[in-house]
Amino acid sequence: MLSTRQPLVHARRLRALIIGSIPMLEARGVAVVLLASVVGVISATLVHAMSWLVQVMHALLFGLQPEARLSAMFSLGTPLQALVPAVGGVILGLTIIYLKKWKFRTPIDPIEANALYGGRMSLTDTFVIAVQTMISSGFGASVGLEAGYTQVGAGLASRLARLFKLRRNDVRILVGCGAAGAIAAAFDAPLTGAFYGFELVIGIYSVANVASVMTAAVSASLTAEFFGGVPFPLELSGLPALTPSQYLPFLILGLCGGAASIAIMYLVTLIERAFVRFSIDASIRPVIGGALVGLLALLTPQILSSGHGALHREFVMNYGLAAVASVFVLKLAASAISLGSGFRGGLFFASLFLGALLGKVFAGAMAYVSPATGIDPAVASAVGMTSLAVGVVGAPLTMTFLALESTRDLTLTGVVLAASIVSATLVRETFGYSFSTWRFHLRGETIRGAHDVGWMRSLTVGSMMRKDVRMMDASTTLAVFREQVPLGSAQRVIAIDADKRYCGMLLVAELHSDQDDDETPVLALAKFKNTVLVESMNVQAAAESFQRAGAEELAVVTSFTDRTVVGLLTEGYALRRYAEELDRARRDLAGEA
């Protein structure tokens, strides 16, 4: 009988073979690149498997022909097919009940894992997200599979990195490689996948990371082609030359894309809050959402699933302005309802489709407002597609390379980059979040991206405070204070009440120079009476408290309600420790010892 320890033995031998043969690199350099290539192949294989399974579900549930796309249908085969998303909602609701019964926590995605946990991801989280995403998209909910793709790629990469006991930063890089490989395989676009990994999952582009991430993306793209993967359905050829007069309208389109992305994120949140306000159980919400999506599908099946087939139709067929605008509204409603009601998935591809529709609407409007500008609908679709997706996804270079790899048109790529930057700037300055980080914000998280801030959370007030603090009864008179605390014997004293609860900070120099009556209680001269720190606060929260109060030192108490003093922290020491840890994190990122 095989021992349960045998897989671990094989893993250790493989690790020794890869890493032990290049000891000077200490699991970096060539070793990480080799692992990245393996991650790319695994990611592409999983992407192909998930895509194939969802296509099989579409064929069985909606009667599609082989190679047909669900959202490319002109109408549903029978009205009963409008019930399919609701059935998917029932199945998804059952998974929610099961997970709630076992007190399953909120799954951690690659961005959150890299920001807070050094790239550590759970295979259970990965399995749950993958299954729920396939159920959602397979039954026609208006969501994309990209969230599931990146979850499985990054989750398996994280486990592989931990199996080889890589350092924290190497684990984070390999998680980015998994996500990069997944996107590269999904779109047959290695540069797009690589910069997705850089911008969204690793959080920074650096020369030290290029080899690993690019290796994962290229190996994933090649693997996808081996499986016969379908390239991204953006077929543009023979585009008219762009003129200088068209740049301003396309920049305006970029602004429109950014504004539309903000509206989408708010709309999803409003629908979620509506379900909460009416006290609808989380397991019932997908059923209601699925029923509403099914009703919209009776009007046009283009709103179903991620929208690959519908996007292809938009680029090869010339619909009227009213038809395009109506599909835009319906797809927007379907995506918001799907996500707001609890279906699992993302807005990556949905935002591309919505942006393409927005671009066509913009081109149609420009034909009426300023026909001389000569805005081509296909070019406007490409610019709108990327600018709206940038606002939702939050990755301008990723979307620019997506346009480049899809169209092979450098001139168009320049316009796309300009519009993407305008969109990203608008969203950052007015809204401040992409869709993924907005979801973190709604859960109470403060992270804005995948930058490694996990070390910051471990640097708490409790670990930095001084415990040897001098305290004095707040009712002590000024004369007694001056007698007991001579000038120069201390810089500050904490005033407490009879129950040893915090009352304020006494600055020794100020109390010795104060001209008040000697019988004045020191409480009247105390500073920062309403501002304290607690031991669990991290250094960032402490720094914000110092800044708001304008204080150089603050008392540390047990809690905000029970204000028993346990220590003191100075702003200078907190900032020095922060700088030291930040410098260490940067050295790790650069690959230094």
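Biologist: Before we start, what does contact mean here?
Modeller: Contact means heavy atoms within 4.5 Å. Among contacts in the protein chain with a separation of 6 or more, 74% come from residues 24 or more positions apart.

Biologist: Anything to know about the model and numbering?
Modeller: This is a predicted model, where local features need pLDDT of at least 70, side-chain atom pairs count only at pLDDT 80 or more, and totals for chains, interfaces and linings use all residues. Residues are numbered from 1 along each chain as its sequence is written, and side-chain values use heavy atoms, with hydrogens and water left out.

Biologist: Thanks! How many helices and strands are there?
Modeller: The protein chain has 24 helices and six strands. These are DSSP runs numbered from the N terminus, with at least four residues for helices (H or I) and at least two for strands (E).

Biologist: Which order do the strands take in the open sheet?
Modeller: The three strands run 1-2-3, with mixed pairing. Strand 1 (471–473) and strand 3 (502–507) are at the edges with a single partner strand each, so one side of each has no neighbour in the sheet.

Biologist: And how do strand 2 and strand 3 pair?
Modeller: They pair in the antiparallel sense over five bridges; DSSP must find at least two bridges between two strands for them to pair. I494 is opposite M505 in strand 3.

Biologist: Switching topic, why is strand 6 largely enclosed?
Modeller: Five of the six residues of strand 6 (residues 565–570) are buried, so the rest of the structure largely encloses it. Buried means under 20% relative accessible area (1.4 Å probe, protein chains only).

Biologist: What about its pairing with strand 5?
Modeller: Strand 5 (residues 553–557) and strand 6 pair in the antiparallel sense over five bridges. L554 has L569 as its bridge partner in strand 6.

Terms used
Buried < 20%, exposed > 50% of the residue type's maximum accessible area, 1.4 Å probe, protein only.
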